[in-house]
Amino acid sequence: MRKILLLPALAVLPLLAAPAGPARADSAAAVVGNVQPMTTGEDVYRHVCQGCHMPDGKGATGAGAQFPAFAGNAKLQSSAYPVYVILNGYGGMPWFSGVLKDDQIANVVNYIRTHFGNHYTDAVSASDVAAQRPPVTPQEQ
């Protein structure tokens, strides 16, 4: 009788053993390279920006963080400012120079500067973004 109970218990032991490799979480952080194709500034805003800056562009405050509003933000008057912030990060905002392409950054800057009550009409081009892009170090290549 003991052998009958012991045999199934021993058969289950290999299943309870540690996995062969490290455990991995399902995470977007595991993705290397550029994000999914986003051709318009609205696409980039919806997929990258609105989680913090909110769908209405009015920003948010909470949990010890403050996400600035785009609506009525006088800092957007200079097109170079949002390009710099997106490329290099600022405060708690991460940099996106390694994730977004020049045309995506130009498109999202043009989007936030012409929406949310903003009416700045001097458009940013991909070459404007490229001129501000930080240099690539040998370790990054």
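**Figure 1. Helix 3 and helix 4 lie oblique to each other in this predicted model.** The axes of the two helices, helix 3 and helix 4, come within 10 Å and cross at roughly 130°. The crossing of helix 3 and helix 4 is right-handed. On the side of helix 3, the contact is made by Pro-82, Val-83, Ile-86 and Leu-87. Helix 4 contributes Ile-105, Val-108, Val-109, Ile-112 and Arg-113 to this contact.

**Figure 2. The largest nonpolar core of the protein has 20 residues.** Those with the most contacts inside this core are Tyr-45, Ile-86, Leu-100, Ile-105, Ile-112 and Val-129. Two or more core residues come from each of helix 2 (41–53), helix 3 (80–88) and helix 4 (102–114). Helix 4 gives the most, with six residues.

**Figure 3. Ile-105 and the residues it touches.** Leaving aside residues up to four places away in sequence, Ile-105 touches Ile-86, Leu-87, Phe-96, Leu-100, Val-129 and Arg-133. Ile-86 and Leu-87 also take part in the contact of helix 3 with helix 4.

**Figure 4. The protein as the setting of these views contains five helices and two strands.** Along the sequence, these elements follow the pattern α-α-β-β-α-α-α. Of the 141 residues, 24% are buried. Among contacts between residues at least 6 apart in sequence, 54% join residues at least 24 apart. The accessible surface comes to about 9,900 Å², and 61% of this surface belongs to carbon and sulfur atoms.

Notes. Residues are numbered from 1 along each chain as its sequence is written. This is a predicted model: local features need pLDDT of at least 70, side-chain atom pairs count only at pLDDT 80 or more; totals for chains, interfaces and linings use all residues. Side-chain values use heavy atoms; hydrogens and water are left out. Helices (H or I, at least four residues) and strands (E, at least two) are DSSP runs, numbered from the N terminus. Buried means under 20% relative accessible area, exposed over 50%, partly exposed in between (1.4 Å probe, protein chains only). Contact means heavy atoms within 4.5 Å. Accessible areas come from the Shrake-Rupley method with a 1.4 Å probe; for residues, only the protein chains shown count as cover. A nonpolar core is a set of buried Ala, Val, Leu, Ile, Met, Phe, Trp, Tyr and Cys residues joined through side-chain atoms within 4.5 Å. Axes are lines fitted to C-alpha atoms, for helices over the stretch in contact, and angles run from 0 to 180 degrees between N-to-C directions. Angles under 35 degrees count as roughly parallel, over 145 as roughly antiparallel, 65 to 115 as roughly perpendicular and the rest as oblique. A crossing is left-handed if the near helix is turned anticlockwise from the far one by less than a right angle, and right-handed if clockwise.
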